[in-house]
Amino acid sequence: MMKLFLKELSKTIPAGRHAVLVTDRAGWHKTKKLKIPANISLLFLPPYSPELNPIEQLWRQLKHKSLANRCFKNYTDIVNAAAAAWKSFTKTCGAIKQLCSRSWARLAA
């Protein structure tokens, strides 16, 4: 799936541009079998550093504000609750940028 993801992502990158994808060190991100397109580089986070992984920050936010201390009847209820939590979170303009920004990491436009 990672190979397919990178292939599709590569198609969306404008000609002459290069993407850097921040990833953790999951086996499927580091396998030698993975073919990385020429217009993408993988930047691996240090081991044991969930505080640097933006998706971990997002999951923590969703769990604390919307999903913690709840019981679900079935898988569908879990998916629906996660989707509702995501919709609620994304209603706030700039929420993801604010959650994932670090004072010591500034990107140029």
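Threonine 23 belongs to strand β1, which covers residues 19-23. In this predicted model, threonine 23 has a relative accessibility of 5% and so counts as buried, because buried means under 20% relative accessible area. Leaving aside residues up to four places away in sequence, threonine 23 touches Met2, His29, Leu42, Leu43, Phe44 and Leu45.

When residues up to four places away in sequence are not counted, the contacts of alanine 81 are Leu67, Arg70 and Phe72. Alanine 81 and isoleucine 36 stand 45 residues apart along the chain, and a distance of 34 Å separates their C-alpha atoms.

The cysteines described here present another picture. Cysteine 71 counts as exposed, at 80% relative accessibility, and cysteine 93 is likewise exposed, with a relative accessible area of 81%. Both values fall in the exposed class because exposed means over 50%. The count of disulfides comes to zero, where a disulfide would require a pair of cysteine sulfur atoms within 2.5 Å.

The table gathers the residues discussed so far.

| Residue | Relative accessible area | Class |
|---|---|---|
| Threonine 23 | 5% | buried |
| Cysteine 71 | 80% | exposed |
| Cysteine 93 | 81% | exposed |

Attention now turns to the second largest pocket, which holds about 160 Å³ of space. Two or more lining residues come from each of the elements α3 (54-67), α4 (75-90) and α5 (95-100). The greatest contribution to this lining is that of α3, with four residues. The residues that line the second largest pocket are Gln61, Leu62, Lys65, Ser66, Ala85, Ser88, Phe89, Thr92, Ala95, Gln98 and Leu99.

The confidence of the prediction remains to be described. The average pLDDT of the protein is 87, and 94% of the residues score at least 70. Within the protein, confidence is highest in helix α1 (residues 2-12), at 94, and lowest in α5, at a mean of 76. The element α5 is also one of those that give two or more residues to the lining of the second largest pocket.

Notes. Residues are numbered from 1 along each chain as its sequence is written. This is a predicted model: local features need pLDDT of at least 70, side-chain atom pairs count only at pLDDT 80 or more; totals for chains, interfaces and linings use all residues. Side-chain values use heavy atoms; hydrogens and water are left out. Buried means under 20% relative accessible area, exposed over 50%, partly exposed in between (1.4 Å probe, protein chains only). Contact means heavy atoms within 4.5 Å. On a 1 Å grid over the protein atoms alone, a cavity is a set of points where a 1.4 Å probe fits but cannot get out, and a pocket is an open set with protein on both sides within 12 Å along at least five of seven lines; lining residues have an atom within 4 Å of a point. Grid points are joined across faces, edges and corners, and a volume is the space filled by probe spheres set on the points. pLDDT is the predictor's confidence in each residue, from 0 to 100.
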